[in-house]
Amino acid sequence: MKKHTERMMHLIRKKRDRPVQLKILHALEKRRTLTEEDLLQKSRLEKGWEGEQLFDRMTGTVSKETLQLHDLRLNCRSSIFQLDTLLIRPDAIYLYEVKYYSGDFLYEDGDFKLSGGKVILNPMHQLMRARTLLHQLLEEHGYSFPVRAYVVFPHPHFFLYHAPVNDSFLFLPQWKNHLTSLSAPGSLMDTHHKLADLLCHLHKKEPPAQQEVPCRDLHKNLFCPDCAGPVRRQSRTFFCPDCSSLYPADRLIYEALEDFLLLFPEVRLTLSSARDWCRVASDKQLRRVLSRRFNEKGKGRGVHYV
């Protein structure tokens, strides 16, 4: 009983994951010059990530009687859909689609437009699709909670001309009042926690992206986390000549090997491939990180790490 009570007192929360493609672009940027297309995509993804993190801070002050799940990727009837943020409250489930748009936009005849008149995807359509599929998924598993869905625009410099009188659009000045509405009395039940557990279980990780850049075309080394410059080995640490920072060997090696697995998911991580990828690291350092931070698979010449 005590364990159950403690569980009810604490928030169940699925944290937000940095987009896989953004991690890939960061890993590539250290090792080659990004194309103009890559830079545009990186800028777009970074802006979206910034907005989602801002919204996570905004929801951080929601009543304790709330289960927060961020960045869910679910499958219903062979349709994959993503949920930026889901709040499970005693009265309902609150679904939020976060759009970190900045600048002037126009809403006209049901179309969402840039200030210059170009029509872009109406975020309301994306929200309604996610809401419908979530409803169907809940029904399949025997849940009948009402779902209240919103598109949130958290950027302080966003303005939508001719904005419709639409309860599903939430602008930054409205957030405080909306937050107050989430403070209605009520207590979470075991059913709410079971639903949160189910959604976390059903969450599907982003599939690994396929890279067209051969490994041989990338600069292989260890890189400074601050300035992304190549580092030099200095006894048990690594030194960055560009910004004079010192880092423990294990940290930089582990980060580099994580990049390797991210960029080349089909290639086995072995001592040999780690040696080629990290270059300045010693075999002793590599073996230590591989044995401590990764799981060993296979035997003899087939030994590799995951």
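## Close-up views of a predicted model

**View 1. Cysteine C240 counts as buried, with a relative accessibility of 0%.** Buried here means under 20% relative accessible area, whereas exposed means over 50% and partly exposed lies in between, computed with a 1.4 Å probe on protein chains only. The model is a predicted one, in which local features need pLDDT of at least 70 and side-chain atom pairs count only at pLDDT 80 or more, while totals for chains, interfaces and linings use all residues. Residues are numbered from 1 along each chain as its sequence is written, and side-chain values use heavy atoms, with hydrogens and water left out. The cysteine sulfur closest to that of C240 belongs to C227 and lies 3.4 Å away, too far for a bond, since a disulfide is defined as a pair of cysteine sulfur atoms within 2.5 Å. C278 is likewise buried, at 0% relative accessible area, and its sulfur is 11 Å from the closest cysteine sulfur, that of C215, which is also too far for a bond. The structure holds 0 disulfides.

**View 2. Aromatic rings around Y101 and F158.** Rings of Phe, Tyr and Trp (its six-membered ring) pair if their centres lie within 6.5 Å, with planes under 30 degrees apart counted as stacked, over 60 as edge-to-face and the rest as tilted; this rule gives 26 aromatic pairs. In the pair of Y101 and F158 the ring centres are 6.3 Å apart and the planes stand at 45 degrees, so this pair is tilted. Y101 sits in the loop between β4 (93-98) and β5 (103-108), while F158 belongs to strand β9 (residues 158-161), so the pair ties together parts that are 57 residues apart in sequence. F158 is buried, at 11% relative accessibility. The pair of F105 and F112 is also tilted, because its ring centres lie 6.0 Å apart and its planes stand at 50 degrees; F105 is buried at 6% relative accessibility, and F112 at 0%. Ring pairs join Y101, F105, Y107, F112, F153, F158, F169 and F171 into a cluster.

**View 3. An open sheet of 4 strands.** The strand order is β7-β6-β5-β9, and the pairing is mixed; strands (E, at least two residues) and helices (H or I, at least four) are DSSP runs, numbered from the N terminus. Two strands pair if DSSP finds at least two bridges between them. At the edges stand β7 (119-120) and β9, each of which pairs on one side only. Strands β5 and β9 run parallel and are joined by 4 bridges, and F105 stands opposite L160 in β9.

**View 4. Helix α3, which covers residues 36-58.** The buried residues of α3 include D38, L45, W49, F55 and M58.

**View 5. R293 over the face of Y254.** R293 lies 3.8 Å from the ring centre of Y254, where a charge sits over a ring if NZ of Lys or CZ of Arg is within 6 Å of the ring centre and within 35 degrees of the ring normal.

**View 6. The whole chain for orientation.** The protein chain has 9 helices and 15 strands, and 43% of its 306 residues count as buried. Its C-alpha atoms fill a box of roughly 60 × 60 × 40 Å along the principal axes.

Technical notes: The expected span of a helix is 1.5 Å times one less than its number of residues.
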